[in-house]
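Subject: The structure, and what turned up in it

Hi,

Here is the structure for you to open alongside this email. My notes follow below it, with each cut-off given once.

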Amino acid sequence: MALQLVTLDSISASERSERINSARLIFEETAPPLSSLSPDARQAFFQKYFGVYLATPESFYLAIEQGFVLGYLAGAPQTLPLHFSLNPYLEQFRTEIESHYPAHLHMNLTAAARGMGLGSRLIAEFMTDLGKRAPAPRGVHIVTSKDAENVRFYLKNGFGKAKEAGTLLLMGRDQHGSEDSTVPNQV
Ligand SMILES: CC(C)(COP(=O)(O)OP(=O)(O)OC[C@H]1O[C@@H](n2cnc3c(N)ncnc32)[C@H](O)[C@@H]1OP(=O)(O)O)[C@@H](O)C(=O)NCCC(=O)NCCS
């Protein structure tokens, strides 16, 4: 079967838990080594970058091919107080997030599915859906490391470097795909 991009709310409850488990395995595969963490710390890490996004299933995308989940995009149309409290490092970017890039996303693909355009398709899908909202959020951000390989991926997908703080890099894209020219490129 051809590749499908679906949101969690569009699949049956019985299928959903199986799909979430598959996506969770991809999350664990791509996360930094978690073995040194206590079970509680591991659960907190999972909750922060994956679990909280299950509460908005209409913005949680899965890429499925031949019955296998190849990757996911956990989207948030709005960066909420909950996200700020779970991720204190976001405070350094609060002004840019609140004024220009209120939406955000986390995404991961299983290793074998990378480099074939799937990540770009997931972003396009999320951006299209955001654009249909009323009101549509002005833009989307991600936070990565300044020297991460995925910076090139986001640049290719219309994100610009908005602000650096230590080793962290805030990247933002307006919902039409071009960099938001009203945010001075500080980096
Ligand atoms: C980053 C990621 C989502 C990109 O998705 P993808 O489907 O592999 O990317 P696409 O095929 O759509 O686009 C690939 C383009 O981005 C570039 N790129 C930059 N960094 C990359 C990376 N870490 N992995 C893959 N491609 C990367 C490639 O060079 C390619 O450009 P090209 O076509 O000019 O060669 C995916 O590779 C992934 O899950 N990586 C590991 C986890 C991760 O970094 N997640 C993001 C956390 S912020």
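Helices (H or I, at least four residues) and strands (E, at least two) are DSSP runs, numbered from the N terminus. Residues are numbered from 1 along each chain as its sequence is written. Please keep in mind that this is a predicted model: local features need pLDDT of at least 70, side-chain atom pairs count only at pLDDT 80 or more, and totals for chains, interfaces and linings use all residues.

The ligand site

Helix 6 gives the largest share of the shell around the ligand, four residues. At least two shell residues each come from strand 4 (103-109), helix 5 (118-131), strand 5 (139-145) and helix 6 (150-156). There are 18 residues around the ligand, and those that come nearest are R114, G119, S120, R152 and F153. By type, the shell holds six nonpolar, eight polar and four charged residues; here Ala, Val, Leu, Ile, Met, Phe, Trp, Tyr, Cys and Pro count as nonpolar, Asp, Glu, Lys and Arg as charged, and the others, Gly among them, as polar.

The overall fold

The protein has six helices and seven strands, in the order β-α-α-β-β-α-α-β-α-β-α-β-β from the N terminus. Its C-alpha trace spans about 45 × 40 × 30 Å along the principal axes. The radius of gyration, taken over C-alpha atoms, is 16 Å, which agrees with the value near 16 Å for a compact globule of 187 residues (the rule is 2.2 Å times the number of residues to the power 0.38). Two residues are in contact if their C-beta atoms, placed from the backbone, lie within 7 Å. Among contacts between residues at least 6 apart in sequence, 65% join residues at least 24 apart.

A residue is buried if 20 or more other C-beta atoms lie within 10 Å of its own, exposed if 12 or fewer, and partly exposed in between, with C-beta atoms placed from the backbone. On that count, 29% of the 187 residues are buried. A nonpolar core is a set of buried Ala, Val, Leu, Ile, Met, Phe, Trp, Tyr and Cys residues joined through C-beta atoms within 7 Å. The largest one has 38 residues, and L62, Y72, L73, L122 and F126 have the most contacts inside it. Among the elements that each supply at least two residues of this core are helix 1 (13-30), strand 2 (60-65), strand 3 (68-76) and strand 7 (168-174).

Helix 5 is worth a look. Its buried residues are L118, G119, L122, I123, F126, M127 and L130, and these pack against strand 1 (4-7), strand 2, strand 3, strand 4, strand 5 and helix 6. Leaving out residues up to four places away in sequence, L122 touches L5, Y61, A63, G71, L73 and M107.

Two loops

The loop between helix 5 and strand 5 holds P135, and the peptide bond from A134 to P135 is cis, with omega near -5 degrees. R133 is in the loop between helix 5 and strand 5 too, and counts as partly exposed because it has 13 C-beta neighbours inside 10 Å. In the loop between strand 2 and strand 3 you will find Q66, a residue other than glycine with a positive phi, near 50 degrees. Q66 has 9 C-beta neighbours inside 10 Å, so it counts as exposed.

Best wishes

Note on methods
A residue is near a molecule or strand if its C-beta atom, placed from the backbone, lies within 6 Å of it.
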